[in-house]
Amino acid sequence: MSNIEQTLSIIKPDAVERNLENEIKQIFKKNGFSILKEKKIQIEKSEAEKFYKVHETKPFYDDLCSYLSSGPIVAMVLEKKNAVLANRELMGATNPKDAEEGTIRKKYGISIDKNSIHGSDSVENAKIEINFFFNV
Ligand code: CMP
């Protein structure tokens with residue numbers, strides 16, 4: 001049985017601002033991901049609060065939501081075999097300082113907040129996050 005999965009990826013404001021959108025998409029394609037859907041949008045802080053609700057008790061929640069809504073982002077639905085895990089491996093650790101060579105966050109991340117990219121952390125959350133942006 002093939003376990004082709006879909007996952008949500010977001011190119012965050014720091015990367016869009018630096019015009020890294022196409023480079024990052026190429027990395028996904030080179031690594032075998034299909035980009036099934038994509039849209040460039042700027043969201044309201046209230047929408048970011050809903051998206052990151054899982055983090056609402058964390059001390060960084062308010063800054064995180066302000067940041068995600070601070071500029072344009074690119075939301076994408078990525079598809080590949082075991083896409084959720086494969087995407088997390090390709091992104092690298094949340095903190096770019098801890099990310100391994102060859103990962104997107106190692107290459108482009110500036111700080112734990114400006115870490116260039118978001119990816120769903122489970123198949124279940126991927127469905128919720130894809131639905132959030134694409135309402136499928
Ligand atoms: P992301 O994968 O988008 O999920 C939540 C984000 O919170 C995370 O990337 C980081 O950019 C941000 N963040 C800020 N501080 C922390 C922290 N101490 N631990 C985890 N995530 C953090």
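Lys12, Tyr52, His55, Phe60, Leu64, Thr94, Arg105, Ile112, Asp113, Asn115 and His118 are the residues around the ligand. The structure is a predicted model. The ligand sits in the largest pocket, and its shell comprises four nonpolar, four polar and three charged residues.

**Contacts of the ligand**

- The side chain of Tyr52 has an N or O atom 2.6 Å from an oxygen atom of the ligand.
- For His118, a polar side-chain atom is found 2.9 Å from an oxygen atom of the ligand.
- Asn115 likewise takes part, with an N or O atom of its side chain 3.2 Å from an oxygen atom of the ligand.
- On its own, the ligand has 460 Å² of accessible area, of which the protein covers 77%.

**Position of Asn115**

- Asn115 belongs to the loop between α6 (104-108) and β4 (117-119).
- The relative accessible area of Asn115 is 2%, so this residue counts as buried, the cut-off being under 20%.

**Contacts of Asn115 within the protein**

- The side chain of Asn115 is joined to the side chain of Lys12 by a polar contact of 2.7 Å.
- A polar atom of the Asn115 side chain also lies 3.1 Å from the backbone oxygen of Thr94.

Definitions and conventions: Residues numbered from 1 in each chain as written. Predicted model: local features only at pLDDT ≥ 70, side-chain atom pairs only at ≥ 80, totals over all residues. Heavy atoms only, no water. Near = heavy atom within 4 Å. Polar contact = N/O pair within 3.5 Å; in protein donor to acceptor, adjacent residues only side chain to side chain. Areas by Shrake-Rupley, 256 points an atom, 1.4 Å probe, with all protein chains shown as cover. 1 Å grid on protein atoms, 1.4 Å probe; cavity = no way out; pocket = protein on both sides within 12 Å on 5 of 7 lines; lining within 4 Å. Sits in = over half its atoms within 2 Å of the grid points. Nonpolar A, V, L, I, M, F, W, Y, C, P; charged D, E, K, R; others polar. Helix = DSSP H or I, 4+ residues; strand = E, 2+ residues; numbered from the N terminus. Buried < 20%, exposed > 50% of the residue type's maximum accessible area, 1.4 Å probe, protein only.
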